[in-house]
Amino acid sequence: MNTHDAALRKVGGSAKLSANQMLNLSRQGNDVVTMFALGAPPMQIFASQAGQIYDALSRGREVSRDR
């Protein structure tokens, strides 16, 4: 394997979401759909979910760095 292939594999591996991130994102997606179905205004949905979605994504990176 040449250095180009190794670099691509490293980037591809770091771009993947962890299982925990996917679980958290699916839960947040469910919250978004539920709030929308109940008639919540889009800005309320954004305000209540944006921080949680960011947290779900950032926590996965912290966990993977520790390993």
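**A walk through the helices**

Ala50 counts as partly exposed because its relative accessibility is 28%, where partly exposed lies between buried (under 20% relative accessible area) and exposed (over 50%), judged with a 1.4 Å probe and protein chains only. The model is a predicted one, in which local features need pLDDT of at least 70 and side-chain atom pairs count only at pLDDT 80 or more, while totals for chains, interfaces and linings use all residues. Residues are numbered from 1 along each chain as its sequence is written, and side-chain values use heavy atoms, with hydrogens and water left out.

Ala50 sits in helix 3, and the chain as a whole has three helices and zero strands, so that helices here are DSSP runs of H or I with at least four residues, strands are runs of E with at least two, and both are numbered from the N terminus. Read along the sequence, the pattern is α-α-α. Of the 67 residues, 13% count as buried, and the chain exposes about 5,500 Å², of which carbon and sulfur atoms supply 61%; these areas come from the Shrake-Rupley method with a 1.4 Å probe, and for residues only the protein chains shown count as cover.

The chain has a mean pLDDT of 80, with 73% of its residues reaching 70 or more; confidence is lowest in helix 1 (residues 3-15), at a mean of 67, and highest in helix 2, at 91. Where pLDDT is low, the predicted coordinates should not be read in detail.

Helix 2 covers residues 19-37, and its 19 residues should span 27 Å at 1.5 Å a residue, which agrees with the 27 Å between its end C-alpha atoms; the expected span is 1.5 Å times one less than the number of residues. Gln21, Gln28 and Met35 are the buried residues to look for in this helix. Seen down the axis of helix 2, its buried residues fall within an arc of 55 degrees, so they line one face of the helix, the arc being that of the directions from the helix axis to the C-beta atoms. The face turned away from this buried side carries the exposed residues Ala19, Val33 and Ala37. After helix 2 comes Gly39, whose phi is positive, near 90 degrees.

Leu25 is partly exposed, because its relative accessible area is 21%, and, leaving aside neighbours within four places in sequence, Leu25 is in contact (heavy atoms within 4.5 Å) with Leu17, Ile53, Ala56 and Leu57. The C-alpha atoms of Leu25 and Asp55 are 9.8 Å apart, although 30 residues separate them along the chain. Val32, also in helix 2, is partly exposed at 28% and touches Ile45 and Gln49, not counting residues up to four places away in sequence. Between Val32 and Gln49, 17 residues apart in sequence, the C-alpha distance is 7.2 Å, whereas Val32 and Ala50, 18 residues apart in sequence, lie 9.9 Å apart, C-alpha to C-alpha.

Helix 3 (residues 42-66) also holds Ser58, which counts as buried because its relative accessibility is 12%. The side chain of Ser58 reaches the backbone oxygen of Asp55 at 3.2 Å.

Methods
A polar contact is a pair of N or O atoms within 3.5 Å; within protein, one must be able to donate a hydrogen and the other to accept it, and residues adjacent in sequence count only if both atoms are side-chain atoms. pLDDT is the predictor's confidence in each residue, from 0 to 100.
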